[in-house]
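Here are some friendly notes to read beside the model. Take the points one by one, and keep the picture open as you go.

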Amino acid sequence: ARWFYVGKRACRQSIGQDVLNRLLVKNARRGLKVVRLKCGDPFVFGRGGEEALALAEAGFACEVVPGISSSIAAPALSGIPVTHRGMASSFAVLTGHHEATYAPLIAGFAPGSLTLVLMMPLRQRARIAELLIERGWDRATPAAIVVGAGTPEAWRWTGTLAELGAAEIATYAREAPGLLVVGEVVSLA
């Protein structure tokens, strides 16, 4: 078997999605069995849909084997349920990369009405907290940062929404993928 590392990390040089799609198709055309192994669920911020479409457009069938999204797994590994009777009967998963994407969604949620899980938000955490507080979320709402869940380098911070922006991430954890969890369920951690 030949393998190629094609993973993506925020603010790091990585293979472009179009190049990755061409690589999948090229090797399928050669008659090789191609496996695109991804952590989590390939259809939750994983670009699995783009890859499946590229293969379909080239005439190749593919099988998708979904995993458990890190939006659920990472909080669980940190002792945080995303729903809990009497605290949160629903949750929303948002990307935390760009304010233009998350701000309108945040504005649509009634303060404290659900658990928010924001993926890839670490550089935006202060702005996210500010927007939630401006929207009417209580400054004392529990919040968590989860980094590298399921790895030996796993790291978690818990505090309040008011403290979230100033939370200091451990030096060794700053380069790992992370997420934010905001809501009463964080108090169960």
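**Notes on the predicted model**

1. Let us begin with Ser-71, which is buried at a relative accessible area of 3% (buried means under 20% relative accessible area, exposed over 50%, and partly exposed in between, with a 1.4 Å probe and protein chains only). You will find Ser-71 in helix H3, residues 70-77. Helices here are DSSP runs of H or I with at least four residues, strands are runs of E with at least two, and both are numbered from the N terminus. Setting aside residues up to four places away in sequence, Ser-71 touches Val-82, Val-93, Val-117, Met-119 and Leu-179, where contact means heavy atoms within 4.5 Å. The side chains of Ser-71 and Ser-69 are also joined by a polar contact of 2.7 Å. A polar contact is a pair of N or O atoms within 3.5 Å; within protein, one must be able to donate a hydrogen and the other to accept it, and residues adjacent in sequence count only if both atoms are side-chain atoms.

2. A word on what you are looking at: this is a predicted model, in which local features need pLDDT of at least 70 and side-chain atom pairs count only at pLDDT 80 or more, while totals for chains, interfaces and linings use all residues. Residues are numbered from 1 along each chain as its sequence is written, and side-chain values use heavy atoms, with hydrogens and water left out.

3. Now step back to the whole protein. Its secondary structure comes to six helices and five strands, and from the N terminus the order is α-α-α-β-α-β-α-β-β-α-β. Along the principal axes, the C-alpha atoms fill a box of roughly 55 × 35 × 30 Å. Of the 189 residues, 37% are buried. Among contacts between residues at least 6 apart in sequence, 63% join residues at least 24 apart.

4. Next, please look at two helix pairs. Two packed helices are described by the angle between their axes and the distance between the axes. How do H1 and H2 cross? The axes of H1 (residues 17-29) and H2 (residues 48-57) come within 9 Å and cross at roughly 40 degrees. That makes H1 oblique to H2. Axes are lines fitted to C-alpha atoms, for helices over the stretch in contact, and angles run from 0 to 180 degrees between N-to-C directions. Angles under 35 degrees count as roughly parallel, over 145 as roughly antiparallel, 65 to 115 as roughly perpendicular and the rest as oblique. H1 brings Gln-17, Leu-20, Asn-21, Leu-24, Val-25 and Ala-28 to the contact, and H2 brings Glu-50, Glu-51, Ala-54 and Leu-55. By class, these are six nonpolar, two polar and two charged residues (Ala, Val, Leu, Ile, Met, Phe, Trp, Tyr, Cys and Pro count as nonpolar, Asp, Glu, Lys and Arg as charged, and the others, Gly among them, as polar).

5. The second pair is H4 (residues 99-107) and H5, whose axes come within 10 Å and cross at roughly 25 degrees. H4 and H5 are therefore roughly parallel to each other, and their crossing is right-handed. Here Glu-99, Tyr-102, Ala-103 and Ile-106 of H4 meet Arg-127, Ile-128, Leu-131 and Leu-132 of H5. This contact has six nonpolar, no polar and two charged residues.

6. Two backbone angles deserve a look. Most residues other than glycine have a negative phi. Arg-47, in the loop between H1 and H2, has a positive phi near 60 degrees. Met-120, in the loop between strand S2 (115-119) and helix H5 (125-134), has a positive phi of about 55 degrees. Arg-47 is partly exposed at 40% relative accessible area, and Met-120 is partly exposed at 34%.

7. Finally, follow the segment after strand S5 (178-182), where Leu-188 is found. Leu-188 and Ile-80 are 108 residues apart in sequence and 6.1 Å apart in space, C-alpha to C-alpha. Is Val-185 buried or exposed? Val-185 is buried, with a relative accessible area of 0%, and its contacts beyond four places in sequence include Ile-80, Pro-81, Val-82 and Thr-115.

Terms used:
Left-handed = near helix turned anticlockwise from the far one by under 90°.
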